[in-house]
Amino acid sequence: MKFPKELFFFIPVAAGIFLLVTMVNNKKDPSRPELTEQSRPVNVITAMPMTIIPKVTGYGYVHPTETWEALPEVSGKIIEMHPELKKGTFIPKGALLVRIDPQAYGYAESRSAASVMSVEAQLKELEQQKANTEKLLKIERQKMQLTSQELERIKQLFAKGYISASDLDLEEKNLLAQQTSVDNLINTLQLIPSKEKALRAQKDSDISSLSERRLDIEKTVIRAPFDCRISEVNIELNQFAPAGLTLLKAVNISAIEIPVQLSPAEFSNLLSSRIGIKSPLLTTQLDMDAIRKLIGISATVRVPLFNRKAEWQATFMRTSESIDLDTGAITVYVVVDQPYEKISPSERPPLLPNIYTEVELQGSPRENRYVLPFQAIHNSFIHLVDAEHRLHRQKVVVEMVMDDMAVIREGLSGEVLVITTDLVPAIEGMLLEPVINDQLTARIGGLDIRK
């Protein structure tokens with residue numbers, strides 16, 4: 001049986017309508033997925049209160065604590081020199097460095113000594129003259145007494161007419177002559193003290209001159225004032241050395257000094273909290289030892305080009321009197337004793353002048369402090385993970401920054417989990433998945449000096 005061709009057109013259309021009606025009748029309502037809160041993985045460290053020592057690292061060049069220049073106070077020819085008097089050599093304290101010819105000063109000493117002896121002889125002569133004059137005065141006074149008695153007897157005879165007037169006059173002249181003799185001897189005795197005083201003054205002057213001449217002789221010998229290393233030599237044997245010329249220079253090898261520049265904030269972080277209004281720093285009775293003890297700064301010196309184990313313990317000595325106008329920094333001076341001890345050319349060099357050093361300054365211990373990575377601080381806030389693993393923003397007070405670490409003074413208590421990941425955005429109360437950074441936690445825990 002043949003179907004008409006027109007039916008073949010309607011069969012697909014009918015099938016499509018049937019399928020559409022079936023789909024509409026069988027469709028279901030759309031399902032909505034359940035919303036669940038997603039946690040954010042974050043790196044955290046376990047922070048707890050600890051006792052730390054604030055540290056600041058600075059750099060500076062080595063300087064000698066004492067530089068000595070040999071400037072002779074007398075002139076003359078150099079007749080003797082230390083056999084090792086060369087630049088760079090070590091000379092022990094008290095060793096003879098240079099001797100100047102003392103012959104001319106020896107002659108001057110002999111003349112001064114002779115002058116002293118001459119004055120001493122005059123003093124002895126004056127002393128004997130005084131004794132002789134006193135004896136003679138005693139005799140002359142006795143003679144005057146006898147002459148006076150004789151004059152009285154002559155006067156009685158003259159009154160009775162037994163002798164002439166010329167005899168009386170002669171006896172009166174004798175008495176006057178005797179009185180003059182006594183007066184002359186008295187004047188002589190009165191002049192002796194002034195002569196003695198003048199001679200003693202001359203003797204003192206001659207003794208001073210003699211002491212100067214002997215001192216000049218001592219100045220012809222120049223010795224090392226301390227254990228030193230020669231840094232400059234400007235003289236040769238048999239050369240004439242005028243007074244005031246720098247013959248040589250030497251540096252003290254018992255200690256060296258290193259100036260280190262710190263910002264005022266870094267320096268204040270090192271200061272002990274014991275420094276207050278009643279501290280001796282603010283009084284007129286300034287005692288440097290007391291000030292150093294009160295400030296409480298110690299130091300460790302290293303040479304960056306060598307093994308880090310090559311360290312020297314240093315002592316804080318003082319600070320500069322003013323702020324550097326160019327850098328705005330304060331200069332701290334530390335001293336290392338015996339810089340040539342235990343040296344090893346490849347690992348522990350001597351601290352020579354002008355060598356570049358790293359200086360780590362340590363302050364007094366600070367208790368109940370938290371140490372966190374500086375990157376965990378966000379405008380005086382840190383992000384914590386609470387007991388429900390949710391974010392909590394906590395305001396803190398940063399006391400100081402040591403390298404990449406911040407020291408927290410206030411705002412935390414007990415053991416806390418601090419987020420070190422930089423969350424963007426950081427929303428209060430957001431769910432977190434903390435992952436403890438054991439390596440960083442251990443590094444911070446190593447700063448606790450109680451361990």
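How many bridges join E3 to strand E17, and in which direction do the two run?

## Basis of the model

This is a predicted model, in which local features need pLDDT of at least 70, side-chain atom pairs count only at pLDDT 80 or more, and totals for chains, interfaces and linings use all residues. Residues are numbered from 1 along each chain as its sequence is written, and side-chain values use heavy atoms, with hydrogens and water left out.

## Strand E3 and its partner

Seven bridges join E3 to E17 (residues 356-362), and the two strands run antiparallel. Within this pairing, Tyr 61 has Tyr 356 of E17 as its bridge partner. Strands (E, at least two residues) and helices (H or I, at least four) are DSSP runs, numbered from the N terminus; two strands pair if DSSP finds at least two bridges between them.

E3 (residues 55-61) has a covered face formed by Val 56, Gly 58 and Gly 60, while Lys 55, Thr 57, Tyr 59 and Tyr 61 make up the uncovered one.

## Helix H5

Ile 291, Leu 294 and Ile 295 are buried in helix H5 (residues 288-295). They lie on the same side of H5 because they cover an arc of only 95° around the axis, taken from the directions from the helix axis to the C-beta atoms. Asp 289 and Lys 293 are exposed on the face turned away from the buried side. Buried means under 20% relative accessible area, exposed over 50%, and partly exposed in between (1.4 Å probe, protein chains only).

Just after H5, Gly 296 takes a positive phi of about 70°.
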